[in-house]
Amino acid sequence: MAGFCSAVDTETGLELVLTAMVRGQGKTSGFHERRVPLTRIRRTRTGMPVGLDRVGVVARGRMEDAGAIGRLLARALKHLFRKGGVFAGAPSARHKARIDYSDKAADARIERWLVRFNTEVDALFFGDGFWGEVTGEDGDQAADWRRAVRKVALGVLHDAGETAPHSQVKRIRARADAEDYFRSGMAAIIREREGSGDG
């Protein structure tokens, strides 16, 4: 996914325009654009106006976090809906089960869950935490954002698990495997972000 953030001065005021080109994500592939009106001037704790470059940096970081978590969710969903039910290996090796990530039929099965994830994340994107991070308020808004997106993803994964096409016993195990895979991947994302100094 490649993204770009810019400002547009329209007749009704300043807008923040976020654009992204997504590849290899099923029906969500293609060009995406979000326009957000900037209706009031934001200031830092020192009273200085916030530059648009700072808004762009924060928006890009949130896009990258949401994209990484969304891709992880897609893989976890494929674990959940994989053919043949659950992986028979040891619990510590479940996430290593062979999954065909290029399976188009699997893409179709998980599509509606990814649409729901993206819709819920979009609704959270420009919340108070976003502007708190832009203006440098106390707290770790970047980490809070990742936790919020993780919560959305786990909610989607949980609900998708209720519809997994397995027997009751296999469904319980498949859900546990998928959630284990997701949590393991999420821990790696957090380590990478915190290690890079992004919060």
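A residue counts as buried when its relative accessible area is under 20%. Asp 177, at 1% relative accessibility, is therefore buried. This is a predicted model.

**Helix H2**

- Helix H2 runs over residues 104-125 and has 22 residues.
- From first C-alpha to last, H2 reaches 29 Å, close to the 32 Å expected at 1.5 Å a residue.
- H2 bends by about 45° at Ile 110.
- Ile 110 is one of the buried residues of H2.
- Other buried positions in H2 include Ala 106, Glu 111, Trp 113 and Leu 114.
- Phe 117, Val 121 and Phe 125 are buried in H2 as well.

**Nonpolar core**

- The largest nonpolar core has 40 residues.
- Leu 73, Leu 77, Leu 80, Phe 117 and Phe 182 touch the most other members of this core.
- At least two core residues come from each of strand E2 (13-22), helix H1 (52-81), H2, helix H3 (128-135), H4 and helix H5 (168-195).
- H1 gives the largest share, 14 residues.
- Leaving aside neighbours within four places in sequence, Phe 117 is in contact with Ala 66, Ile 69, Gly 70 and Leu 73, among others.
- The contacts of Phe 117 also include Val 149, Val 152, Ala 153 and Val 156.

**Aromatic pairs**

- The structure holds four aromatic pairs.
- Phe 125 and Trp 145 form an edge-to-face pair, 5.5 Å centre to centre with 80° between the planes.
- This pair links distant parts of the chain: Phe 125 sits in helix H2 and Trp 145 in helix H4 (residues 141-161), 20 residues apart.
- Both Phe 125 and Trp 145 are buried.
- Phe 126 and Phe 130 also pair edge-to-face, at 4.8 Å centre to centre and 70° between the planes.
- Phe 126 is partly exposed, with a relative accessible area of 22%.
- Phe 130 is buried, with a relative accessible area of 0%.
- Phe 125, Phe 126, Phe 130 and Trp 145 form one aromatic cluster.

**Salt bridges between parts of the chain**

- The structure holds nine salt bridges.
- One of the salt bridges joins the side chains of Arg 62 and Glu 133 (3.8 Å, N to O).
- Arg 62 lies in helix H1 and Glu 133 in helix H3, so this pair ties together parts that are 71 residues apart in sequence.
- Arg 62 is buried, with a relative accessible area of 4%.
- Glu 133 also counts as buried, at 17% relative accessibility.
- The side chains of Glu 162 and Arg 175 meet in another salt bridge (3.0 Å, N to O).
- This pair links distant parts of the chain: Glu 162 is in the loop between H4 and H5, and Arg 175 is in helix H5, 13 residues apart.
- Glu 162 is partly exposed, with a relative accessible area of 46%.
- Arg 175 counts as buried, at 18% relative accessibility.

- Asp 177 meets Arg 173 in a salt bridge between side chains (3.6 Å, N to O).
- Both residues lie in helix H5, four residues apart, about one turn of the helix.
- An α-helix has 3.6 residues a turn, so residues three or four places apart point the same way.
- Asp 177 is buried at 1% relative accessibility, whereas Arg 173 is partly exposed, with a relative accessible area of 25%.
- A network of salt bridges links Asp 65, Arg 146, Glu 192 and Arg 193.

Note on methods:
Residues are numbered from 1 along each chain as its sequence is written. Side-chain values use heavy atoms; hydrogens and water are left out. The expected span of a helix is 1.5 Å times one less than its number of residues. The bend at a residue is the angle between axes fitted to the seven residues ending there and the seven starting there. Buried means under 20% relative accessible area, exposed over 50%, partly exposed in between (1.4 Å probe, protein chains only). Rings of Phe, Tyr and Trp (its six-membered ring) pair if their centres lie within 6.5 Å; planes under 30 degrees apart count as stacked, over 60 as edge-to-face and the rest as tilted. A nonpolar core is a set of buried Ala, Val, Leu, Ile, Met, Phe, Trp, Tyr and Cys residues joined through side-chain atoms within 4.5 Å. Contact means heavy atoms within 4.5 Å. A salt bridge is a side-chain nitrogen of Lys or Arg within 4 Å of a carboxyl oxygen of Asp or Glu.
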